[in-house]
Amino acid sequence: MTSDPSKLGDKLILRGLMFHGFHGVKQEEKKLGQKFLIDVDAWMDLRTPGQSDNMSDTVSYTDIYRIAKNIVEGPSQNLLESVAQLIATTTLNNHSQISAVRVVVGKPHVAVPGPLDYLGVEIMRYRSTDMPL
């Protein structure tokens, strides 16, 4: 499997998903919660749905959206890495057509001295190497 995502081909793209969650290591983060920004890329062959124009030949964006929403709004995790990992593995587990997934989890409200859009993590997970048979 290539480590260069641009070589993977077609993908579904979800950008700028916003949810309120209770993730972080500080007690105030777990109690008050905050906004999280999520991006997901899901690589799969889109030739068949492109030709058939049939929803049953693809994965619904709303399915991936719901996975991200349920995880971010679900049980608290200490690390953004854990949130991203849960989104990635759940997406791969639920949709066998997806060969790889990229997840970005951003936290726009962090205590750092200076302006920023967000701080966060980005992970890539591949069915061929990250999913047990």
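Start by selecting Glu-29 and Gln-34: their side chains make a polar contact at 3.3 Å (a pair of N or O atoms within 3.5 Å; within protein, one must be able to donate a hydrogen and the other to accept it, and residues adjacent in sequence count only if both atoms are side-chain atoms). Before you go on, this is a predicted model, where local features need pLDDT of at least 70, side-chain atom pairs count only at pLDDT 80 or more, and totals for chains, interfaces and linings use all residues. Numbering runs from 1 along each chain as its sequence is written, and side-chain values use heavy atoms, with hydrogens and water left out.

Stay on Glu-29, in helix α1 (residues 27–32); helices are DSSP runs of H or I with at least four residues, strands runs of E with at least two, numbered from the N terminus. Is Glu-29 buried or exposed? Buried, at 13% relative accessible area (buried is under 20%, exposed over 50%, partly exposed in between; 1.4 Å probe, protein chains only). Leaving aside neighbours within four places in sequence, show its contacts: Phe-22, His-23, Gly-24, Gln-34 and Lys-107 (heavy atoms within 4.5 Å).

Next, pick Asp-53, in the loop between α2 (47–52) and α3. Asp-53 isn't a glycine, yet has a positive phi of about 60°, and it's exposed at 71% relative accessibility.

Now colour Ile-64, Ile-67, Ala-68, Ile-71 and Val-72, which are buried in α3. They cover an arc of only 120° around the axis, so they sit on the same side of α3 (the arc uses directions from the helix axis to the C-beta atoms). Finally, bring up β1 (11–21), β2 (34–43) and α4 (80–94), which the buried residues of α3 pack against.
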